[in-house]
Amino acid sequence: MIVVVSIGPIEWWLVDGIVAFVRDYYSRFGISAEFSGKLPVEPFSVAFNPSRGQYLGRVFLPTLSALRERLNAKAVLGITELDLYEEGLNFIFGVANPSLGSAVVSLHRLRNEFYGLQPDEEVLLERAIKEAMHELGHVFGLSHCPNRRCVMHFSNSLLDTDFKGPTYCPRCEEKLRKNLGVIE
Ligand SMILES: [Zn+2]
Ligand SMILES: [Zn+2]
């Protein structure tokens, strides 16, 4: 089971859309996906860097991993509106740790309005799904893929995110199948 949680306030239709896509895709591996609750920001406030006004992404992962163990899930994916960063990077769309079995995705910089453009809900959901699928791929042992259409291609910017598809290329899917121990 893949468990999805929201961290802090977030529009329900976004979480719902992500869960529905992940559930539909991962059903081919016999893995279910479900929303399991809204977490407050508070337990993650240690990740906040006041001088940057951002949260250090990887600090979220052990807490999400503890939840994964409690729920006996394969993976836990956190979704947040908080702006995430990593040392040496201005920002990150998300981060994952395969040994912890957890990942977090930020919607903060996926919104058109962040760049002074007109909001677009359809585009926002598409981007959110891609980032969620990307980080879940990392959780299950996939690395970055040279195929620019593959969801495991590294997104340096939203141009990359918008160019790639929401699913894994055949090579990545094959690897995923192996990593997940899917027997046919
Ligand atoms: Zn990545
Ligand atoms: Zn690929």
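These legends go with a handful of close-up views of a predicted model.

Because the model is predicted, local features need pLDDT of at least 70 and side-chain atom pairs count only at pLDDT 80 or more, while totals for chains, interfaces and linings use all residues. Residues are numbered from 1 along each chain as its sequence is written, chains are lettered from A and ligands numbered from 1 in the order in which they are written, and side-chain values use heavy atoms, with hydrogens and water left out.

**View 1. Four cysteines hold the zinc ion (ligand 2).** The SG atoms of Cys145, Cys150, Cys169 and Cys172 sit at 2.3 to 2.4 Å from the metal. Donors here are N, O and S atoms within 2.8 Å of the metal (3.2 Å for Na, K and Ca), and water is not among the atoms, so sites may look incomplete. Along the sequence, the spacing reads C-x4-C-x18-C-x2-C. Why is the arrangement called tetrahedral? Because the angles subtended by the four donor atoms run from 106 to 112°, and four donors count as tetrahedral if all angles lie between 85 and 135 degrees. For reference, the ideal angle for four tetrahedral donors is 109.5 degrees. Cys169 is buried at 10% relative accessible area, and Cys172 is buried too, at 9%. Buried means under 20% relative accessible area, exposed over 50%, and partly exposed in between (1.4 Å probe, protein chains only).

**View 2. Three histidines coordinate the zinc ion (ligand 1).** His134, His138 and His144 each use NE2, at 2.0 to 2.1 Å. Their sequence spacing is H-x3-H-x5-H. Helices (H or I, at least four residues) and strands (E, at least two) are DSSP runs, numbered from the N terminus. Buried or partly exposed? His134 is buried at 4% relative accessible area, whereas His144 counts as partly exposed at 42%.

**View 3. Ser155 sits in the loop between H3 and H4.** Ser155 is buried, with 9% relative accessible area. Its side chain makes a polar contact with the side chain of Thr161 at 3.0 Å. A polar contact is a pair of N or O atoms within 3.5 Å; within protein, one must be able to donate a hydrogen and the other to accept it, and residues adjacent in sequence count only if both atoms are side-chain atoms. Setting aside neighbours within four places in sequence, Ser155 is in contact with Phe93, Glu131, Asp160, Thr161 and Lys164; contact means heavy atoms within 4.5 Å.

**View 4. Helix H1 (residues 12–26) and what it packs on.** The buried residues of H1 include Leu14, Ile18 and Val22. The buried residues of H1 pack against strands E1 (2–7), E2 (33–39) and E5 (75–80), as well as H3 and helix H5 (170–179).

**View 5. An open sheet of four strands.** The order is E3-E4-E6-E7, with mixed pairing. E3 (48–49) and E7 (89–92) are the edge strands, each pairing on one side only. E3 and E4 (residues 54–56) pair in the antiparallel sense over two bridges; Phe48 has Tyr55 in E4 as its bridge partner. Two strands pair if DSSP finds at least two bridges between them.

Technical notes
Four donors count as tetrahedral if all angles lie between 85 and 135 degrees; four count as square planar and six as octahedral if opposite donors are over 155 degrees apart and all others between 65 and 115; anything else is irregular. The expected span of a helix is 1.5 Å times one less than its number of residues.
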